[in-house]
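Dear colleague,

Please find the structure below, together with a short account of what was found in it.

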Amino acid sequence: MEGPIRAREALALTLFSLLFFLSRSSALHDLLISNAERRIDLSSHIVKVYLTLKVENAGSSPASEVVLAFPPSQVDHLATVEALATKGKRKKTTFVRLEVKPTELPDAPNDTKYFTIYLANPLNSAESITLEVLYMLTHSLEPFPAEIGQSESQLVYYRDSALVLSPYHIKQQTTFIKTPSTKVDSFTRVEPTNRAGTEIKYGPYEDHTPYSFSAILVHFENNSPFAVVEELVREVEISHWGNLQVTEQYKLVHAGARHKGVFSRVDYQSKPSFNGVSSFRYLLARLPPRVHSVYYRDEIGNISSSHLRTDSRKSELEIEPRYPLFGGWKATFVIGYGLPLQDFLFESSEDRRYVNFTFGCPLMETVVDKLTIKVVLPEGSKDPSAVVPFPVDQHLETKYSYLDVVGRTVVVLEKKNVVPGHNSHFQAVLFCPN
Amino acid sequence: MSAPEASSAAVPTLMTNNTLRNAFGGVLSFFILLLIAVLAFSIRLFSVIKYESVIHEFDPYFNYRVTQFLTKNGIYEFWNWFDDRTWYPLGRVIGGTVYPGLTLTAGTIWWLLNSLNIPLSVETVCVFTAPIFSAFASWATYLLTKEVKGAGAGLTAAVLLAMVPSYISRSVAGSYDNEAVAIFALIFTFYLYIKTLNTGSLFYATLNSIAYFYMVCSWGGYTFIINLIPMHVLLCIVTGRYSSRLYIAYAPLVVLGTLLAALVPVVGFNAVMTSEHFASFLVFIIIHVVALVYYIKGILSPKMFKVAVTLVISAGLAVCCAVIAVLIALVASSPTKGWSGRSLSLLDPTYASKYIPIIASVSEHQPPTWPSYFMDINVLAFLVPAGIIACFLPLSDASSFVVLYIATSVYFSGVMVRLMLVLAPAACITSGIALSQAFDVFTRSIKFQLPGLSSNTEVDAGETSSATKEAQNDAVKTEKAEETSKDRPSRKSKKKEREHVEKPSTKTKAEKKRLLALPLEASVISLLLLVFLGAFYVVHCVWAAAEAYSAPSIVLTSHSHDGLHVFDDFREAYAWLRHNTDVDDKVASWWDYGYQTTAMANRTVIVDNNTWNNTHIATVGTAMSSPEKAAWEIFHSLDVKYVLVVFGGLVGYPSDDINKFLWMVRIGGGVFPHIKEPDYLRDGQYRIDSQATPTMLNCLMYKLSYYRFVETDGKGFDRVRRTEIGKKYFKLTHFEEVFTTHHWMVRIYKLKPQKNRIRGKTKKSKSKTSSTSSSKRSGTRKKNPWH
């Protein structure tokens, strides 16, 4: 008797799963993109891609998710994906931020990775919605030649697809690639392709099936500072005495084409427009307003070349490493500053207090490979936690500072591949016993 | 000597009044000492305020690096530390060749602070060690001078020492050098010696040995102590001041001190083997003989004693002669006569310049000039003679020590600028004595002549001192009278003096008139002048601390019409080396920059400031003074990858390598005779302009310094030498410029690798693919300079 029952169960199970998959895949295929416009900004070493999708529901059931696809080579360099839904028309357009999460789909061809955009309101059949997607890629420009001399400028490769990779059918699509200058050595032609000034236009292409891919390679000049912070440790120490002390330890590297051969100071100083164009001397750090006691030093002492400009809304610290950074050169330094605590400490209900502080690196236009934020709470704070708008690794530590007895709780947040887009606020909650 | 008893008996009511005043004086002294410590500490902070909290100069960087190692790896690792980052390929055993006192002190402070959860960095602790110890040193000066001439002189001496420029120059915040703690140890050892001499207590004698041990740990200058104290003991014996207290003060110090000194690895058996210590052993023998003589003299009758003396002397002389002959033969058999080079140059000031160019090349080993005396001890130079005279009124064991100390240190400071540091405490002590005695005399005469004040002298402090003075005069007389009784302890007289202070005698007016009382106007004016002198000293010291001695020398500043200019080129270069070269690369530079390179750039150096291997330094000197190819070969044989030169010609930084270059030639030529100094001089003149010799214009140092220099201004004008350079356009074939700092002060070159030419060869053979005959190959090989 047992045999048939088992068989029936198994059959039911397979049926269910089949149904499930069917419904799932139908949800995928019911949607189609009537128009896709992609603008790839290659002017700095962080690649910013603005993708405008007009999504239509061609199926019968309402859809609440839109899936974005990325080739596996891009996913490793993908720093952030954000999506906005456009509402209203023309002048009265408003944007609604949508939740984006990485997802796994079972039948992904060639290890394609997915991000799902969760729509605020389900998209009913025959309705359409315009989505604005912004994603940033780091380490996606490959210097070629990989080693350059002092007087050469830096050429890089950018690899992508002429067609937007998507699990949906795309009716019409165009891709614009913006290069930093008109010096473009070569680019792959996928007709129709146009180049005008600093812009290369791929498309419009009509009616491409899901997962269409057409590899392109752009070889162009990019002398923007390839400033990469390999490791950044930010320590935010909250004092009982009304001060917030921030200490940031940087390991900076120039991630562009490696410097080769001589470095001649006389050439560098006398002909700045021809020499070391890909190198950089200055970095700009944007600090919160009302910053005080700023210092900038490294392990062998103070670095005297920095300027601080403050006004009521922001403070700008212009720092100059001890030497100009050429490709592959490294430098380490520490920036520290104090801030008035009342600008950052807030009180919520239930007597909980929280600190609202900026995540990310204050340096402009830099990529941080590994960012660690340590929020040192005052001695005696209980049940600390942190609320961050994007996924990070969290754990707790204990630190002993001046004459501490029980030690201070430290909330440690770690994230890899951080771009300026991550400079949003996060909250560290501390529960102060009164 | 019946005066004190009589006075105390006469005025018993004064006792309570007096203890109160004493207590008040004690509290006041305590607060004055605290203030002195604050002064000593804070006057040394100019460098931190004007520049930054950073380690200064050259040697402190080594000490800092050693301290970092100590705090990271612990004491046992430290003793066994073999440093392979320096003296490549020889290395250096740090634990056995370093005076560990400073490092251990700072390491202990750091450990203590961190175990109290005060997370100061090692650097901060190192920076502030010297100011802290200068506060201790001024306390030690107070104690020492108090033992010699009373609390007033002690306080004055402590104030003077707290801000004496000579000591400030070695102990500003950041100047993390041995001398920072050694001067404290020196004064404290002397204090304990005097204390033992005054009390005869074995407790202080033991403490003295321990203080001496600390001094041995801290500085090579401990030989000054171990020679000065025997000299003083000998002086006491010769002048008939032998006492059991002297024995207690000396014998345990030699025995315990030598044993302890031998525990320090860097000293080891040197404590009994080298000539620097022989004086102490000789005096040790003498003091025992003298003690024996006194003992026998006590037992025997005078007649018997005379017989015994003649007998012993005739027999003893013969034995002594034999022993001395053997000793001389032993010492003479060693090449340096058992003396180290630095000590020999102390005895014979011309020794170093004749035989050891490395010692002579260091500026702080040069004899000082007169202005440097004025700069470093200022008005103390004029007060010292007065202080010496004051020491003779009366001459006690303690004050004779001070006189001996000042006399010897004046001599040593005349030999080496560096030893001005040893003179400074002596000058402060004698000047403190002089000043306080002068104030005593003047205030007393003023008080004596003011009728309103003289009536109620009993409660006045000035009166006390006058009484003391008087009593002292009495004491001198009685001392002279009692000179025959040799073992009369001067401690007694000291105690009496103290009793005088405690119980001011209400001497009769008649006695007072006996005193030397100066006219009122003269004393008031003299007092004012003394105050002015003091004020001048203070102003000078503050100026010296703020302007002259606070520069860290790794970062330079200059004021011009458009503001402050900072020259941070050294650290720029070191930071570049640290981050952009391979961790095992070897960097060659002149030895001055060795310590800084290992500490700041963390790269292996060929030679450094611990100039222990003359040949190695001479090799680098030879390379720098050789033409490019020969230099390349020398450097390549030493695995050198980068060559660092310091060049001041663009901004006018005078202590650059071109100015030091003649020393490289001399030191190199001392070992490698093919380097001859006259080849680099035109008619005995050192020049780098068009008149310079071809050897000079083709040597590596010239080329590395002036490579492409002409392109900066079109003429190649050297701002240090104030001339246009001789050879303006040239190419480097075996070196390539890899880094030059912003103001060109440091230039780093890389040795071109050998394989470059192989690549060139393959290219050539590729271009001539058809003709690969053996004859052509040999032809190209001949052109190649590396075969």
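A:I40 is buried, at a relative accessible area of 2% (buried means under 20% relative accessible area, exposed over 50%, partly exposed in between, with a 1.4 Å probe and protein chains only). This is a predicted model, in which local features need pLDDT of at least 70, side-chain atom pairs count only at pLDDT 80 or more, and totals for chains, interfaces and linings use all residues; side-chain values use heavy atoms, with hydrogens and water left out. Residues are numbered from 1 along each chain as its sequence is written, and chains are lettered from A and ligands numbered from 1 in the order in which they are written.

A:I40 belongs to strand β1 (residues 31-41) of chain A; helices (H or I, at least four residues) and strands (E, at least two) are DSSP runs, numbered from the N terminus. Beyond its neighbours within four places in sequence, A:I40 has contacts (heavy atoms within 4.5 Å) that include A:V47, A:Y158, A:F176 and A:I177. Between A:I40 and A:Y323 there are 33 Å from C-alpha to C-alpha, at a sequence separation of 283 residues.

In chain B, helix α23 (residues 397-415) has 19 residues and should span 27 Å at 1.5 Å a residue, the expected span being 1.5 Å times one less than the number of residues. Its end C-alpha atoms lie 28 Å apart, which agrees. Of the 19 residues of α23(B), 15 are buried, so the helix is largely enclosed by the rest of the structure.

With a disulfide taken as a pair of cysteine sulfur atoms within 2.5 Å, the count over all chains is zero. For B:C236, the nearest cysteine sulfur is that of B:C391, 13 Å away. B:C236 counts as buried, at 1% relative accessibility. For B:C321, the nearest cysteine sulfur is that of B:C320, 7.0 Å away.

With kind regards
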